[in-house]
Amino acid sequence: MPAQVSVKYAISGVRRKGRLPMGTESITDKILLYIEDNLDKELTLEDIAEEFRYSKFYLARIFKENTGVTLHKYIQGRRLDEAAKELAETKKPIAQIAFQAGYASQQAFTQAFGRAYVCTPQEYRRAGVFTPRQARLLMAAGRSGFMGFSVADLRDAYWQDLYWGFGGGRMAA
């Protein structure tokens with residue numbers, strides 16, 4: 001079982017007078033769990049909104065307010081992380097990994113991967129070290145309301161430069 005590391009984030013705009021709207025933490029937590037359970041399937045804002053019986057506008061707003069990232073960017077980041085893990089730990093063809101990550105072509109996957117990891121999938125595979133860029137988020141609440149996120153599935157040896165955002169850390173050449 002992977003080690004769990006708890007990291008508290010101070011994300012601008014996430015806290016409103018110290019608390020989030022009542023009940024939105026559990027909605028976001030349910031969405032995060034749903035995404036993890038269905039990462040290998042097509043996930044759209046419309047499908048997720050229908051699953052939870054909320055309007056897509058409300059769902060998108062609550063998710064962004066609670067996590068600091070859009071639903072689309074979060075899903076894309078998680079899929080790229082899973083692809084990066086496959087690249088580093090398996091010998092599967094890059095085209096197959098691209099398709100599993102939801103990309104219609106290897107070229108589209110290579111472009112998205114390059115933006116997130118600042119290298120090509122082939123270069124990443126040669127390095128052979130999995131370093132996630134969009135870790136799995138789990139909501140964490142305390143007595144005073146929303147307190148931050150628990151970031152799961154981290155390999156702490158590779159996450160010494162962890163901070164919020166896409167493409168923030170740079171992979172050593």
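Is glutamine 76 buried or exposed? Glutamine 76 counts as buried because its relative accessibility is 19%, and buried here means under 20% relative accessible area, with exposed over 50% and partly exposed in between (1.4 Å probe, protein chains only). You'll find this residue in helix α4, residues 71-89; helices are DSSP runs of H or I with at least four residues, numbered from the N terminus. Leaving aside residues up to four places away in sequence, glutamine 76 touches Tyr103 and Ala112, where contact means heavy atoms within 4.5 Å.

A quick word on what you're looking at: this is a predicted model, in which local features need pLDDT of at least 70 and side-chain atom pairs count only at pLDDT 80 or more, while totals for chains, interfaces and linings use all residues. Residues are numbered from 1 along each chain as its sequence is written, and side-chain values use heavy atoms, with hydrogens and water left out.

Now go to helix α2, residues 45-52, which holds glutamate 51. With 47% relative accessibility, glutamate 51 counts as partly exposed.

Most residues other than glycine have a negative phi. Arginine 53, though not a glycine, has a positive phi of about 60°. It sits in the loop between α2 and α3 (56-67) and is exposed, at 74% relative accessible area. Valine 118 also isn't a glycine, and its phi is positive at about 55°. This valine 118 lies in the loop between α6 (106-117) and α7 (121-127), and its relative accessible area of 44% makes valine 118 partly exposed.

Terms used. Helix = DSSP H or I, 4+ residues; strand = E, 2+ residues; numbered from the N terminus.
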